[in-house]
Amino acid sequence: AHNNINKAGWKLKYLSEESTRLICAKLCNEIQTYKKILRLSINLNEKQVQQSVDELMNSCPTEALATTCNVPMPNITEKLIQSRGYMS
């Protein structure tokens with residue numbers, strides 16, 4: 001069971017549809033990374049992965065279906081080298 005869903009409908013409580021669309025668009029790269037993590041996870045079965053994608057579809061349908069974003073993924077290589085001394 002997923003505990004991260006508010007059954008009462010969080011959109012109605014906190015954000016307008018327009019605000020939700022804007023936030024989803026700004027989080028597009030993070031959403032794409034989240035979907036990749038879900039697909040690569042070894043501790044989730046297919047049903048659990050699909051349930052998470054379905055939940056994402058409820059809040060950010062455009063980004064849930066997308067495979068790329070309008071803004072490229074930032075390159076954090078230099079940041080990792082400077083702050084931790086390594087690259088991933």
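Among contacts in the protein chain between residues at least 6 apart in sequence, 63% link residues at least 24 apart. The model behind that figure is a predicted one. As for secondary structure, the chain has six helices and zero strands, so the pattern read along the sequence is simply α-α-α-α-α-α. Buried residues account for 23% of the 88 residues in the chain.

Helix 3 is a handy place to start looking around. This helix covers residues 28–40, which gives it 13 residues. From first C-alpha to last it reaches 18 Å, close to the 18 Å expected at 1.5 Å a residue. Its buried residues are C28, N29, I31, Q32, K35 and L38. As for partners, the buried residues of helix 3 pack against helix 2 (17–26), helix 4 (46–59) and helix 5 (61–65). The C-alpha atom of K36 is separated by 10.0 Å from that of T67, and the two residues are 31 apart along the chain.

Next comes the pairing of helix 3 with helix 4. These two helices pack at an angle of about 165°, with their axes 10 Å apart. Angles over 145 degrees count as roughly antiparallel, and helix 3 and helix 4 are therefore roughly antiparallel to each other. Their crossing is left-handed. On the helix 3 side, I31, Y34, K35 and L38 make the contact, while helix 4 brings V49, S52, V53 and L56. Sorted by class, the contact of helix 3 with helix 4 comes to six nonpolar, one polar and one charged residues.

The pairing of helix 2 with helix 3 has its own geometry. Here the packing angle is about 65°, and the axes lie 4 Å apart. Since 65 to 115 degrees counts as roughly perpendicular, helix 2 and helix 3 are therefore roughly perpendicular to each other. C24, A25 and K26 of helix 2 meet C28, E30 and I31 of helix 3 in this contact. The residues split into four nonpolar, no polar and two charged.

With a relative accessible area of 39%, I23 is partly exposed, as it falls between the 20% and 50% cut-offs. Along the chain I23 and C60 are 37 residues apart, and their C-alpha atoms are separated by 8.8 Å.

Terms used: Residues numbered from 1 in each chain as written. Predicted model: local features only at pLDDT ≥ 70, side-chain atom pairs only at ≥ 80, totals over all residues. Heavy atoms only, no water. Expected span 1.5 Å × (residues − 1). Buried < 20%, exposed > 50% of the residue type's maximum accessible area, 1.4 Å probe, protein only. Contact = heavy atoms within 4.5 Å. Axes fitted to C-alpha atoms, helices over the stretch in contact; angles between N-to-C directions. Parallel < 35°, antiparallel > 145°, perpendicular 65-115°, else oblique. Left-handed = near helix turned anticlockwise from the far one by under 90°. Nonpolar A, V, L, I, M, F, W, Y, C, P; charged D, E, K, R; others polar.
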